[in-house]
Amino acid sequence: MHGGPASPGWLLVALCAATGAYCLLRMRSPVEEQRRAAGGEALMGFGMAAMAVPAAVFTPPSWAWPVYAGVFGAAALRALWGARRTPHHLHHLLGTAAMVYMALAMAASPAHHHEHGDSGVPLVTGVLLLYFVGYVLLSGIRLVPVTGAVGGRGSVGWGDRPELARACRLSMGIGMVAMLLTL
């Protein structure tokens, strides 16, 4: 790999941006709940991509981190409201809360800490890491096809394919683990 330590950051940016773009496609689904979930996931994907841009290329101004925290705080409130209807929103709540936590950790730490990964509260970071590693492992297992389950999909569009939605969530989970490890 040419490009030094910034290369993994760019890979994370690409993964998160591609995930966000696919989630935008999923927003065209005729199923209302799918559209709603895809909108929140697109926000997460693009937000994670923006936060993952290597500091060697672009260091956000000091006001950007509180703005990130505010945007994801609002998304967390929306996920909390949605959790009344379906437990899947609890995962969205944890994801947005993790983004708020990371943004606040970046805002509170001196600039030299952003390069060394010693921001945040170790206990909180550890708990979030345990959750997202477990989520990634469980999501990966769910992607393994069940024998005999490959049937005709008919005319299901790209935005309504459940295995692609699961792969999208899996890649965001992997991105979250990577971001928490570098915090």
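A salt bridge is defined here as a side-chain nitrogen of Lys or Arg within 4 Å of a carboxyl oxygen of Asp or Glu. By this criterion the structure holds three salt bridges. The structure is a predicted model, in which local features need pLDDT of at least 70, side-chain atom pairs count only at pLDDT 80 or more, and totals for chains, interfaces and linings use all residues. Residues are numbered from 1 along each chain as its sequence is written, and side-chain values use heavy atoms, with hydrogens and water left out.

The protein chain has six helices and zero strands. Helices (H or I, at least four residues) and strands (E, at least two) are DSSP runs, numbered from the N terminus. Along the sequence the pattern reads α-α-α-α-α-α. Of the 183 residues, 40% count as buried. Buried means under 20% relative accessible area, exposed over 50%, and partly exposed in between (1.4 Å probe, protein chains only). Contacts are heavy atoms within 4.5 Å. Among contacts with a separation of 6 or more, 75% come from residues 24 or more positions apart.

Two of the salt bridges meet at glutamate 41. Arginine 26 pairs with glutamate 41, with the closest N and O atoms 2.4 Å apart. This pair links distant parts of the chain, arginine 26 in helix 1 and glutamate 41 in helix 2, 15 residues apart. Arginine 26 is buried at 0% relative accessible area. Glutamate 41 is also buried, at 3%. Glutamate 41 forms a further salt bridge with arginine 169, where the closest N and O atoms are 2.6 Å apart. Arginine 169 lies in helix 6 and glutamate 41 in helix 2, so this pair ties together parts that are 128 residues apart in sequence. Both glutamate 41 and arginine 169 are buried. Through shared partners, Arg26, Glu41 and Arg169 join into one network.

Glutamate 32 pairs with arginine 36, the closest N and O atoms being 2.2 Å apart. The two residues are four apart in helix 2, about one turn of the helix. Glutamate 32 is partly exposed at 47% relative accessibility. Arginine 36 is partly exposed at 24%.

A nonpolar core is a set of buried Ala, Val, Leu, Ile, Met, Phe, Trp, Tyr and Cys residues joined through side-chain atoms within 4.5 Å. The largest such core has 35 residues, and those with the most contacts inside it are Met51, Met99, Met102 and Met176. Helix 1 (6-26), helix 2 (32-52), helix 3 (64-82), helix 4 (88-108), helix 5 (122-143) and helix 6 (162-181) each supply at least two of its residues. Helix 4 gives the largest share, eight residues. Beyond four places in sequence, methionine 99 touches Met44, Gly47, Met48, Met51, Phe72 and Met176.

Zero disulfides are present (cysteine sulfur atoms paired within 2.5 Å). Cysteine 16 is buried, with 1% relative accessible area. Cysteine 23 is buried at 0%.

The protein chain exposes about 10,300 Å², with carbon and sulfur atoms supplying 71% of it. Accessible areas come from the Shrake-Rupley method with a 1.4 Å probe; for residues, only the protein chains shown count as cover. Leu43, Trp63, Val67 and Val71 form a nonpolar surface patch, with about 370 Å² of accessible area together. Patches are made of residues with over 30% relative accessible area and no salt bridge; like charges are joined within 9 Å, and nonpolar side chains (Val, Leu, Ile, Met, Phe, Trp, Tyr) within 5 Å. Valine 67 lies in helix 3 and is partly exposed at 43% relative accessibility.
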